[in-house]
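Visitor: I should like to go through this structure by question and answer. Could you show it to me?

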Amino acid sequence: MIENTSTAGRISGFTGPDAPTDEDLYTCVHCGLCLNACPTYLETGLEAESPRGRIALMRAVREGRTAITPSVLGHWELCIQCRACEAVCPSNVPYGRLMEATRTEMVRQGKRTPRERAARSIGYRWLLPDQRRLRAVATGLKLYQRSGLRAAVRASRVLKLMPGGLYQLERAAPSVNGKFFKPRGQTFAARGTRRGRVALLSGCVMPLVDGKTMEAAVRVLTRNGVEVAVPADQGCCAALNTHAGERDRARDMAKRNIDSFLAANVDAVVVASAGCGSTMKEYGGLLKADPAYAKKAEKVGRLTKDIHEFLVELPFDPPKAELKLKVTYQDACHLAQAQRITKAPREILRAIPGLEVIEMAESTICCGAGGTYFLTEPAMSARLGKRKAGNISETGAAIVTTANPGCAIQMKNALRQMGSGVQVKYVVDLLDEAYSKERSG
Ligand code: SF4
Ligand code: SF4
């Protein structure tokens, strides 16, 4: 372990309370076993775009051998935070934690242009923590898409004149066309014998773009004898803030959810979005220095269950109706890598009679969504999206299933750009369809 000042007398470039710890930084033994799991290394072949290279840069900054220059920042920014490296590392390097801590330092040291700072202020501090604002923005987007304005804007040159971030946002924004799923303090009764009571995380993006899947999740749970509470005072899980280094706001958001879910008096907090589940399971780490919340955060972390994990452990009732479909499954990074859950979604799919499940190549390589990565690193995001769409097409499946809204949006865009007719659905959508067919048949 090194001191705050390195042996060469240089001052560490990491100084804040959330900076990467030496214990985490010096666990890496440079073996390189993570390299071929890393999407940005696979695409570029560059050491600096690999986990090992990025950790070496963190150490160089820690030891005062380099400053946080724009070039160093660029290598860290290109990391998608998919944590594929963490899942294969034999030394258990907590890469996700290291990168989140590094990004927190980047924010703390103000290593951003004024425009980036303004965008972050709006996105992470004004919009994400407030569900009403998010719904208002989504309603505006829905009107824009439905009114024909979107088609007119796309046909004109206006789009090309927009600043980079807005241009990317317009191109990649999901279709907002269904009903929003709103947490209102509702309780959905269990059907048949009651097997438990859970709280359902509503989240930020998913209830606005995939409200129907949230409703499907409720139906699937109640069909299996689980009472579902949707606390009204919950909010965004803080995944995007945590990954972006906006830790102070993330802590406030986590505390709000902790209070909300502990008051619900439930056996589990069920989460239908992989990115949110992974963040909530790590609330304990986020709030470990907060004496009033540390224990409560650990408790909510333990109560949190990904919906597939929860259904398989329950265990869920296999549907009796057939769905004659060819499907493939995309492992969401924050389910497969961060939560290490790969079997449960496949188990659910294979329990649906008639469903033919075909594995795709590289199912655990990130699709390039990465939260706001499609906005901040559009070129790499598009390359990975294209790679994923190619792997999906090769399976010949009619549907690709996933467990995360970011992946769903990214795959829809990438498949559309490829001219593919493959549909994107969630695993719980298909389970719900099978149950509903069972009822009507
Ligand atoms: S992060 Fe892990 S796998 Fe990668 S080089 Fe370091 S020790 Fe090896
Ligand atoms: S988190 Fe993903 S993109 Fe970042 S270094 Fe690890 S494998 Fe590569």
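Guide: Two residues are in contact if their C-beta atoms, placed from the backbone, lie within 7 Å. Please note that this is a predicted model.

Visitor: How far apart are the end C-alpha atoms of helix α6?
Guide: Helix α6 covers residues 95-108, which makes 14 residues. At 1.5 Å a residue, the helix should span 20 Å. The model agrees with this expectation, for the end C-alpha atoms are apart by 20 Å.

Visitor: Which residues come nearest to ligand 1?
Guide: The shell around ligand 1 comprises nine nonpolar, three polar and one charged residues. Of these 13 residues, the nearest are C28, C31, C34, R52 and C89.

Visitor: How are α23 and α24 oriented to each other?
Guide: The axes of helix α23 (residues 378-395) and helix α24 (residues 405-418) come within 9 Å. On the α23 side the contact includes G385 and K386, and on the α24 side Q410 and M411. The axes cross at roughly 75°. Angles of 65 to 115 degrees count as roughly perpendicular, and the two helices are therefore roughly perpendicular.

Note on methods: Residues are numbered from 1 along each chain as its sequence is written. Chains are lettered from A and ligands numbered from 1 in the order in which they are written. This is a predicted model: local features need pLDDT of at least 70, side-chain atom pairs count only at pLDDT 80 or more; totals for chains, interfaces and linings use all residues. Helices (H or I, at least four residues) and strands (E, at least two) are DSSP runs, numbered from the N terminus. The expected span of a helix is 1.5 Å times one less than its number of residues. A residue is near a molecule or strand if its C-beta atom, placed from the backbone, lies within 6 Å of it. Ala, Val, Leu, Ile, Met, Phe, Trp, Tyr, Cys and Pro count as nonpolar, Asp, Glu, Lys and Arg as charged, and the others, Gly among them, as polar. Axes are lines fitted to C-alpha atoms, for helices over the stretch in contact, and angles run from 0 to 180 degrees between N-to-C directions. Angles under 35 degrees count as roughly parallel, over 145 as roughly antiparallel, 65 to 115 as roughly perpendicular and the rest as oblique.
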